[in-house]
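Subject: The structure for you to look at

Hi,

Here is the structure I promised you. Have it open while you read, and my notes on what turned up follow just below.

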Amino acid sequence: MAKLRLKDLDLQGKRVFLRVDFNVPLEEELEIRDDTRIKAALPTLNYLLEQKTKLTISSHLGRPGGQYDPKLSLKPVAERLSDYISPEVLLAPDVIGDQVTKLKKALKESQVLLLENLRFNPGEKANDLSFAQELAQDIDYYVNDAFGACHRAHASVVGITEYVEKSAAGFLVEKEVEYLGKAVHSPQKPYVAILGGAKVSDKIPVIENLLNKADDILIGGAMAYTFFKAMGNEVGRSRVEEDKIALALSLLEKAQAQGIKIYLPEDHVVSTAIDNEAEAKTVDSFPFSAGLMGLDIGAKTIQKYQEIIAKAQTIFWNGPLGVFEIEQFSLGTMKIAAAVAASPALSIIGGGDSVAAVYKAGVSDKISHISTGGGASLEYLAKETLPGLEALTEK
Ligand code: AMP
């Protein structure tokens with residue numbers, strides 16, 4: 001739990017360092033494709049401006065590998081942000097250094113300086129303390145509103161808080177923790193978790209934790225086939241993580257020992273290729289012939305999962321149940337999105353591709369909470385805290 005919140009700080013006229021997640025998708029021509037992340041930080045930004053703070057903002061963007069990359073400059077972000085807030089956003093030429101220090105010192109009340117991409121400096125990912133100290137220079141308070149980065153112990157998320165008197169959660173982080181906390185600490189029962197996507201490996205710690213919390217775990221997507229293979233089935237060319245087969249088996253055994261139901265698909269939409277032209281059919285048993293891949297859950301599975309979802313009081317969903325980007329393998333994910341939306345349960349979508357799926361299904365407004373952090377929400381569910389949240393204290 002975040003220990004300090006924005007409203008706990010007396011901000012009037014203070015010099016504030018705000019860490020946000022402006023890691024937006026960019027087109028080839030550096031146009032911003034989707035500015036949801038920028039909009040998500042506006043409540044905190046506007047509040048800080050109302051409090052007449054002298055505001056330094058920072059974010060990472062993509063993976064520049066610790067060096068300057070013009071394609072990953074925050075310039076388009078600074079321009080877009082200027083459309084949303086009233087003072088013009090000044091973009092610093094770097095993350096730290098003499099010029100940046102001068103600009104920081106010159107900030108007046110309600111002025112905004114956006115630092116360049118944090119990951120242009122190798123000190124960010126390394127949580128280098130001298131880099132963190134320089135970020136904190138000429139700063140009174142630190143505010144973290146970058147939920148999507150809170151699972152990373154990077155300099156602008158963790159290290160910097162060592163050098164600031166008070167560090168607090170922004171409104172977005174506070175809201176994320178409030179909703180995810182409901183699933184973690186006091187889930188109304190039945191608690192149904194829906195897990196899909198490509199990889200089991202990303203979700204193993206979450207499943208382990210869910211075995212102590214959830215009533216039913218519904219599995220779909222490619223990760224189902226690692227479980228099926230672990231149970232001795234012949235899954236054709238379906239995507240399997242061979243090195244996770246033993247772990248998958250032990251998760252199934254643990255679930256059984258604890259009386260938690262892990263549901264696997266009862267039927268499968270299979271094909272020889274992941275495109276709309278390849279012939280697809282539904283099968284309900286193994287073995288799959290050698291060339292076939294399981295690419296979506298079938299109608300029987302959809303119905304079964306819909307029935308379980310309809311009875312839930314709490315739902316956590318991460319990962320599509322099939323290759324939802326391709327029309328003929330998207331039905332399972334779309335139907336499950338609709339079922340989650342129709343349920344009166346507290347519903348939480350754990351970031352990533354499932355967010356795209358609920359938007360594609362047109363039901364995003366019927367979900368209780370759509371997390372802005374895929375990796376962060378999964379890690380919060382697995383560990384019940386995050387390094388970036390632990391750091392939000394008073395020194
Ligand atoms: P993740 O990032 O682990 O949530 O995985 C999301 C990706 O998993 C999406 O791009 C889906 O197309 C893909 N996916 C879902 N189901 C399958 C499947 N049965 N086979 C291959 N890929 C899948």
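Let's start with helix α6: its buried residues pack against β1 (15-19), α4 (98-106) and α5 (122-125). Before going on, a word on the source: this is a predicted model, in which local features need pLDDT of at least 70 and side-chain atom pairs count only at pLDDT 80 or more, while totals for chains, interfaces and linings use all residues. Residues are numbered from 1 along each chain as its sequence is written, and side-chain values use heavy atoms, with hydrogens and water left out.

Helices (H or I, at least four residues) and strands (E, at least two) are DSSP runs, numbered from the N terminus. Buried means under 20% relative accessible area, exposed means over 50%, and partly exposed is in between (1.4 Å probe, protein chains only).

**Helix α6**

Which residues of α6 are buried? In this helix, which covers residues 129-136, they are Phe-131, Ala-132, Leu-135 and Ala-136. Looking down the axis of α6, you'll find them within an arc of 140 degrees (taken from the directions from the helix axis to the C-beta atoms), so they line one face of the helix. Just after α6 comes Asp-138, with a positive phi of about 60 degrees.

**Strand β7**

Next, have a look at strand β7 (residues 191-195). Five of its five residues are buried, so β7 is largely enclosed by the rest of the structure. Both of its faces are covered, with Tyr-191, Ala-193 and Leu-195 on one side and Val-192 and Ile-194 on the other.

What does β7 pair with? One partner is strand β13 (residues 314-318), joined to β7 in the parallel sense over five bridges; strands count as paired if DSSP finds at least two bridges between them. Within β13, Ile-315 is the bridge partner of Val-192. Strand β8 (residues 216-219) also runs parallel to β7, with four bridges between them, and there Ala-193 stands opposite Ile-217.

**The ligand**

There are 14 residues around the ligand, and Ala-198, Gly-294, Gly-322, Glu-325 and Asp-353 come nearest; to be counted, a residue needs a heavy atom within 4 Å. A backbone N or O atom of Ala-198 lies 2.9 Å from a ligand oxygen atom. Side chains take part as well: a polar atom of Lys-203 lies 3.2 Å from an oxygen atom of the ligand, and for Glu-325 the distance from a polar side-chain atom to a ligand oxygen atom is 2.5 Å. On its own the ligand has 510 Å² of accessible area, and the protein covers 81% of that (Shrake-Rupley method, 1.4 Å probe).

Asp-215 sits in the loop between α8 (204-210) and β8. Is it buried or partly exposed? At 26% relative accessibility, Asp-215 counts as partly exposed. Leaving aside neighbours within four places in sequence, Asp-215 is in contact (heavy atoms within 4.5 Å) with Lys-189, Pro-190, Tyr-191, Ile-260 and Lys-261. The side chains of Asp-215 and Lys-189 are joined by a polar contact of 3.5 Å. Such a contact is a pair of N or O atoms within 3.5 Å; within protein, one must be able to donate a hydrogen and the other to accept it, and residues adjacent in sequence count only if both atoms are side-chain atoms.

Thr-226, in helix α9 (residues 223-230), is buried, with a relative accessible area of 1%. Among its contacts beyond four places in sequence are Val-200, Arg-239 and Ala-248.

A cis peptide bond joins Lys-189 and Pro-190, with omega about -5 degrees. You'll find Pro-190 in the loop between α7 (171-185) and β7. Another cis bond runs from Phe-286 to Pro-287, with omega near 0 degrees, and Pro-287 lies in the loop between β11 (280-283) and β12 (293-297).

Finally, Leu-30 is not a glycine, yet its phi is positive, near 70 degrees. Leu-30 is in the loop between β1 and α1 (36-40) and is partly exposed, at 30% relative accessible area.

Cheers
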